Amino acid sequence: MSNMAREILGFILTTSGWVLVSSTLPTDYWKVSSIDGTVITTATFWSNLWKTCVTDSTGVSNCKDFPSMLALDGYIQVCRGLMIAAVCLGFFASIFALIGMKCTKIGGPDQTKARIVCLSGITFMCTGLCSLSACSLYAHRITSEFFDPMFVAQKYELGAALFIGWAGSTLCILGGALFCLSLSDGMSTKAFVNSGASLMSRAMPQSQSSHTRRPPPEYSGTSQHFDKNAYV
């Protein structure tokens with residue numbers, strides 16, 4: 001796979017993952033529970049990071065926003081911060097990716113663009129880790145309360161938003177890893193060019209020395225005087 005095709009694939013994966021992570025934040029069903037009657041479901045309880053609601057059998061929902069941020073449970077505050085950080089990091093990582101990809105005309109030479117794409121990949125991986133941590137922390141709280149025999153309040157199950165968040169986090173991490181490979185390709189190309197230039201510079205003096213012409217022999221300018229009896 002060429003470097004440009006790898007970058008395009010990584011951009012598709014990371015952008016899709018960032019969209020899924022962003023859509024998870026306002027999604028309603030982070031945790032859900034229902035009270036079943038003999039025939040139909042009489043009530044459905046669901047909650048997210050911002051409110052808790054109940055929906056009756058007629059489809060009418062009654063919601064209540066969390067009254068105070070300081071009165072919230074600690075895990076909800078942590079999940080809020082991690083998800084907001086994931087959305088912000090993904091936004092800046094998308095800008096870095098557009099600047100550093102080889103299919104764009106901005107960003108400078110190839111070595112600089114490779115570094116920018118690698119920075120984008122690291123940022124996308126941080127996006128995936130933040131979202132993955134938030135969803136996993138929320139799911140751990142739900143499962144620990146569900147399997148706790150001493151917990152007597154309303155028990156919930158995992159909602160659809162958690163699975164969407166996990167999927168988006170996985171796409172961001174995979175796409176970010178593909179972006180990071182661009183730096184290794186750029187550095188290998190630079191090393192190849194430098195090694196070729198050094199070999200050429202070493203070969204040039206030898207070739208020049210082999211093609212140098214030798215100076216013609218010098219003859220003495222003094223004339224030889226022979227006696228006339230020398231030919232007898």
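Author: A pocket is an open set of points on a 1 Å grid over the protein atoms alone, where a 1.4 Å probe fits and protein lies on both sides within 12 Å along at least five of seven lines. The model is predicted, so local features need pLDDT of at least 70 and side-chain atom pairs pLDDT 80 or more, while totals for chains, interfaces and linings use all residues. Residues are numbered from 1 along each chain as its sequence is written, and side-chain values use heavy atoms, without hydrogens or water.

Reader: How much space lies in the largest pocket?
Author: Grid points are joined across faces, edges and corners, and the volume is the space filled by probe spheres set on them. For the largest pocket, that space is about 180 Å³.

Reader: Which residues of its lining lie nearest the centre of the largest pocket?
Author: A lining residue has an atom within 4 Å of a point. The largest pocket has 15 of them. Nearest its centre lie Lys31, Ser47, Tyr75, Glu145 and Tyr156.

Reader: Which element gives the most to the lining of the largest pocket?
Author: Elements are DSSP runs numbered from the N terminus: helices are H or I with at least four residues, strands are E with at least two. Both α2 (74-100) and α3 (110-146) supply at least two lining residues. The top contribution is 3 residues, and it comes from α3.

Reader: How many residues in the lining of the largest pocket are charged?
Author: Asp, Glu, Lys and Arg count as charged; Ala, Val, Leu, Ile, Met, Phe, Trp, Tyr, Cys and Pro as nonpolar; the others, Gly among them, as polar. The lining has 7 nonpolar and 4 polar residues, and its charged residues number 4.

Reader: At what distance from the ring centre does lysine 31 lie over tyrosine 156?
Author: A charge sits over a ring if NZ of Lys or CZ of Arg is within 6 Å of the ring centre and within 35 degrees of the ring normal. Lysine 31 lies over the face of tyrosine 156, and its distance from the ring centre is 4.6 Å.

Reader: What is the order of elements in the protein from the N terminus on?
Author: The protein has 4 helices and 5 strands. From the N terminus on, they run α-β-β-β-β-α-α-β-α.

Reader: What angle lies between the planes of phenylalanine 91 and phenylalanine 92?
Author: Rings of Phe, Tyr and Trp (its six-membered ring) pair if their centres lie within 6.5 Å; planes under 30 degrees apart are stacked, over 60 edge-to-face, the rest tilted. The structure holds 7 aromatic pairs. Phenylalanine 91 and phenylalanine 92 form one that is edge-to-face, 5.5 Å centre to centre, with a plane angle of 70 degrees.

Reader: Why does the pair of phenylalanine 163 and tryptophan 166 have its class, and what is that class?
Author: The ring centres are 5.5 Å apart and the planes stand at 80 degrees, so the pair of phenylalanine 163 and tryptophan 166 is edge-to-face.  Both residues lie in helix α4 (residues 160-210), 3 residues apart, about one turn of the helix. The class, again, is edge-to-face.

Reader: Is tryptophan 166 buried, partly exposed or exposed?
Author: Buried means under 20% relative accessible area, exposed over 50%, and partly exposed in between (1.4 Å probe, protein chains only). Tryptophan 166 has a relative accessible area of 23%, so its class is partly exposed.

Reader: Which residues does leucine 132 touch, not counting those up to four places away in sequence?
Author: Leucine 132 lies in helix α3. Its C-alpha atom is 5.9 Å from that of tryptophan 166, 34 residues apart along the chain. Contact means heavy atoms within 4.5 Å. By that test, leucine 132 touches Trp166 and Ser169.

Reader: How far apart in space are tyrosine 29 and alanine 160, C-alpha to C-alpha?
Author: Tyrosine 29 is in the loop between α1 (3-24) and β1 (31-36). Beyond its neighbours within four places in sequence, its contacts include Ser47 and Ala160. Tyrosine 29 and alanine 160 are 131 residues apart in sequence, yet their distance in space is 5.8 Å.

Reader: What separates the C-alpha atoms of arginine 6 and glycine 175?
Author: Arginine 6 lies in helix α1. Arginine 6 is buried, with a relative accessible area of 13%. Glycine 175 is 169 residues away along the chain, and the C-alpha separation is 9.2 Å.
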